[in-house]
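Please walk through this structure, covering a helix residue, a loop residue and the shell around the ligand.

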Amino acid sequence: MSAPDARALFLFDRDLRLDDHAALAALSSYGEIVPVLAVTGDSYASSARRRSAREAAIDGLATSLAQAGAPLVIRRGSLAATVLGLAREARATAVGWSLAYDAPGLAAQRSLQAELEEAGLTVIATHDAPAVPPEETAAARASDEGLGYRAFAPYLATWRRLDVPPVVARPRFARAHGLRGEAPPASAGPGGAAARAALETYLAGPALGYATARDVPGDGPTARLSVALGLGTLAARTVRASIAARARDPFLLVEERLSLRAFERALAQRDFFLQLAWFFEDAPDAPLQRRMRGFPGAADHPALAVWREGRTGYPFVDAGLRQLAATGWMHPRARLVAASFLCFDLGVDWRVGRDAWDRELEEYDPALAAGNWQWVAGLGADLAQFPRIYNPRKQARAYDPIGSYARRWIAELADRPAAAGAGEPAANRPQLALPLFGDRAYPAPVVDHETAARAYLRRYAAYVRDQTAAPISSP
Ligand SMILES: Cc1cc2nc3c(=O)[nH]c(=O)nc-3n(C[C@H](O)[C@H](O)[C@H](O)COP(=O)(O)OP(=O)(O)OC[C@H]3O[C@@H](n4cnc5c(N)ncnc54)[C@H](O)[C@@H]3O)c2cc1C
């Protein structure tokens with residue numbers, strides 16, 4: 001219950017902004033807020049790019065808070081002890097935060113909640129990261145299981161029906177609260193305002209070609225929102241509302257309208273994987289499809305190192321992997337093809353790929369990483385009867401027809417003329433497979449795709465047959 005002098009701590013984590021903030025708004029109705037950043041372990045340390053993006057976002061948040069007259073209190077140490085100590089110093093009677101969507105984050109929040117409540121504090125934890133909270137889509141579900149969706153198509157239909165507008169309430173901060181903490185990192189970078197401006201620029205023009213850009217890496221840009229959404233410098237609700245506002249333009253052409261719809265669908269896909277992580281908490285490490293949990297994926301392969309380096313001999317795969325190494329981001333279509341190559345052509349366990357990319361990616365979203373990797377590996381929410389094995393050669397022909405993506409990221413191919421077939425594996429063009437340039441020669445394919453894919457499907461079919469024949473005794 002709110003009292004005129006009630007005070008609460010708000011723990012920022014992956015929601016580093018002030019506007020359209022559901023969890024801050026929920027806490028504001030309790031009392032005035034002391035903004036806190038409790039630094040515990042370092043889940044950002046695995047990627048240097050990620051760490052500097054987070055530091056820049058913290059700096060941006062601290063600047064916005066200082067302008068609002070409420071300095072961000074940064075403290076380091078064990079989470080419960082830090083928060084309990086701060087609550088005492090601030091004479092706060094409540095603590096609020098945005099809910100996590102990864103198993104370790106959720107476990108940490110649950111244990112913190114138990115400790116705080118035992119100490120007599122009120123906890124107000126709110127869904128903020130998804131555009132539509134998991135419980136809202138689950139409640140609208142026809143079945144009475146009370147669980148989330150496991151299939152995307154029906155989820156999307158429900159998601160589109162539910163209207164969750166941006167949060168307009170301004171948070172009420174405790175001004176000049178007098179609490180001391182570490183200084184924020186001095187790495188001026190994009191804060192909430194910059195993320196919103198980038199979204200508006202994208203929606204003004206490039207988003208109208210999104211339907212092509214999401215598949216064709218050499219075409220226009222995709223939105224490049226994953227870092228901002230992962231850090232929470234931008235709210236998914238804001239993105240959804242901005243897409244809807246743009247779609248109200250009466251002068252849009254049909255294909256532009258379809259692009260905006262595809263862009264909105266991508267955002268729904270993010271919410272879908274967040275709700276999977278929320279309702280199926282063991283899914284980050286164990287396949288969502290229970291019957292596939294015993295399906296063996298290799299921990300290693302003689303070509304694993306060349307896959308990591310982008311030297312598989314399949315240009316579309318290699319361009320993606322080299323783009324990731326060079327920039328910390330990979331085009332979404334290339335992610336599908338490069339991940340499929342690891343899981344099916346090399347038969348390597350999806351977790352090996354997820355962890356390799358985790359060290360390179362600037363964005364951080366364990367629920368999206370696990371959900372997408374399982375989807376590609378055919379063990380997750382994509383309930384197709386057989387795994388969809390992408391043919392890297394056909395993908396290159398369809399989505400990099402003149403090899404512009406391959407030539408952009410693969411130095412050995414940079415001087416090739418733009419032409420049909422420029423994205424083909426070297427072995428298909430014998431004159432290009434010759435080691436004419438010593439170390440600079442582009443390698444021949446490390447495996448034959450058709451042979452590897454068929455061998456995988458044989459193993460898969462045998463496993464599924466055995467599972468179907470096995471007595472139904474295990475859980
Ligand atoms: C194997 C694999 C691994 C992935 N790992 C990650 C990851 O670790 N972290 C991460 O944030 N995304 C991951 N993705 C999803 C997606 O590829 C990225 O979010 C996207 O490339 C980010 O670029 P963008 O913002 O330009 O995307 P756009 O295509 O412009 O999409 C806009 C936003 O929609 C959401 N979105 C789009 N596609 C997906 C999708 N397939 N799943 C969930 N949300 C989506 C993202 O929030 C994205 O920022 C992965 C996809 C694959 C196939």
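R246 sits in helix α10, which spans residues 236-247; helices here are DSSP runs of H or I with at least four residues, and strands are runs of E with at least two, numbered from the N terminus. This is a predicted model, in which local features need pLDDT of at least 70, side-chain atom pairs count only at pLDDT 80 or more, and totals for chains, interfaces and linings use all residues. Residues are numbered from 1 along each chain as its sequence is written.

R246 counts as buried because 20 other C-beta atoms lie within 10 Å. The cut-offs are 20 or more other C-beta atoms within 10 Å for buried, 12 or fewer for exposed, and partly exposed in between, with C-beta atoms placed from the backbone. Leaving out residues up to four places away in sequence, R246 touches L203, A207 and L260; contact requires C-beta atoms, placed from the backbone, within 7 Å.

D365 belongs to the loop between α15 (350-358) and α16. D365 is buried, since 23 other C-beta atoms are within 10 Å. From D365 to V227 the C-alpha distance is 8.9 Å, although the two are 138 residues apart in sequence.

The ligand is surrounded by 25 residues, and T222, A223, R270, A369 and N372 are the closest; a residue is near if its C-beta atom, placed from the backbone, lies within 6 Å. At least two shell residues come from each of α9 (226-231), α11 (254-279), α14 (332-345) and α16 (366-377).

Notes
Two residues are in contact if their C-beta atoms, placed from the backbone, lie within 7 Å.
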